[in-house]
Amino acid sequence: EMLAFCGAEVPKGYIFVKGGGDAAKPEGDGDQDTEPRVYDIFEPFLTRQSESKPHQCYETFDEAVDEFYSSAECQKQEVAKHQEKKQIASKLDKIKNDQDARITSLRNQALSTNKKAQLIEYNLESVDAAINAVNEALASGFDWKELDQMIQSEKEAGNPVASLVSSLQLDRNAITLRLENNLDDPEEEGEGGSRRGKLS
């Protein structure tokens with residue numbers, strides 16, 4: 001038989017529910033992340049195909065209909081409130097993730113800046129020698145192209161000061177030095193910050 005009536009004379013009523021997990025739990029008693037339990041449809045009978053679905057049984061069909069419609073507006077408000085909470089939580093999560101990413105970025109920048117400062121301090125004499133050599137060459141009338149050629153020649157000749165110069169930045173009036181920290185790691189190299197040299 002396809003129908004399973006709960007009474008012989010007056011059919012009982014059934015309201016099928018969705019969301020909220022266990023239908024036996026009172027509303028508002030579940031996890032805040034769980035969708036609120038709301039009524040889906042009502043029926044005057046329970047088929048064998050639908051008896052496994054979450055539902056509530058009432059003594060009469062009229063009682064089920066009254067309950068369904070009397071709770072409809074309240075349940076709509078609960079669903080709207082739940083969606084609003086989810087949106088707020090999502091925005092807060094995004095803000096938190098953005099802040100965490102910013103903190104990580106600033107921390108990495110601070111570590112990088114600190115490392116460059118330590119490298120410059122460790123190689124202070126060599127840094128000053130390189131900057132002074134560039135300034136003296138510019139003061140003697142060298143242009144940036146001639147200066148670059150001179151540095152390459154000095155590197156080939158094994159000049160230790162020239163070997164520190166990684167590149168020249170004419171647009172920023174600066175040079176970039178490649179420094180080593182032999183105390184921590186003989187093979188470790190770090191690119192020092194650009195130090196400005198005055199043009200003559």
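**How the helices pack and what lies buried**

Guide: In this predicted model, helix H2 (residues 124-139) packs with helix H3 (residues 144-156) at an angle of about 135 degrees, and their axes are 10 Å apart.

Visitor: Which residues in H2 and H3 meet?

Guide: From H2 come Val134, Ala137 and Leu138. From H3 come Trp144, Leu147 and Met150.

Visitor: By class, what residues has the contact of H2 with H3?

Guide: The contact has six nonpolar residues, no polar ones and no charged ones. Val, Ala, Leu, Trp and Met each count as nonpolar.

Visitor: Is Asn173 buried or partly exposed?

Guide: Asn173 is partly exposed. Its relative accessible area is 22%. Buried needs under 20% and exposed needs over 50%, so a value in between is partly exposed. Asn173 sits in the loop between strand E4 (165-169) and E5.

Visitor: What is the phi of Asn173?

Guide: Phi is near 55 degrees. That is a positive value in a residue other than glycine.

Visitor: How do you know that Asn123 is buried?

Guide: The relative accessible area of Asn123 is 11%. The cut-off is under 20%, so Asn123 passes as buried. Asn123 belongs to the loop between H1 and H2.

Visitor: Leaving aside neighbours within four places in sequence, what is Asn123 in contact with?

Guide: Asn123 is in contact with Leu179 and Glu180.

Visitor: Which residues have the most contacts inside the largest nonpolar core?

Guide: They are Val127, Leu147, Ile175, Leu177 and Leu179. This core has 17 residues. Helix H1 (61-122), H2, H3 and strand E5 (174-180) each give it two or more. The largest share, six residues, comes from H2.

Visitor: Where does Leu46 lie, and why is Leu46 called buried?

Guide: Leu46 lies in the loop between strand E2 (38-43) and strand E3 (55-58). Its relative accessible area is 9%. The limit is under 20%, so Leu46 is buried. Leu46 and Lys12 are 34 residues apart in sequence, yet 9.1 Å apart from C-alpha to C-alpha.

Visitor: How many helices and strands has the chain?

Guide: The chain has three helices and seven strands. Their order from the N terminus is β-β-β-α-α-α-β-β-β-β.

Visitor: What share of the residues counts as buried?

Guide: Of the 200 residues, 23% do. Among contacts with a separation of 6 or more, 59% come from residues 24 or more positions apart.

Note on methods. Residues numbered from 1 in each chain as written. Predicted model: local features only at pLDDT ≥ 70, side-chain atom pairs only at ≥ 80, totals over all residues. Heavy atoms only, no water. Axes fitted to C-alpha atoms, helices over the stretch in contact; angles between N-to-C directions. Helix = DSSP H or I, 4+ residues; strand = E, 2+ residues; numbered from the N terminus. Contact = heavy atoms within 4.5 Å. Core = buried A, V, L, I, M, F, W, Y, C linked by side-chain atoms within 4.5 Å. Buried < 20%, exposed > 50% of the residue type's maximum accessible area, 1.4 Å probe, protein only.
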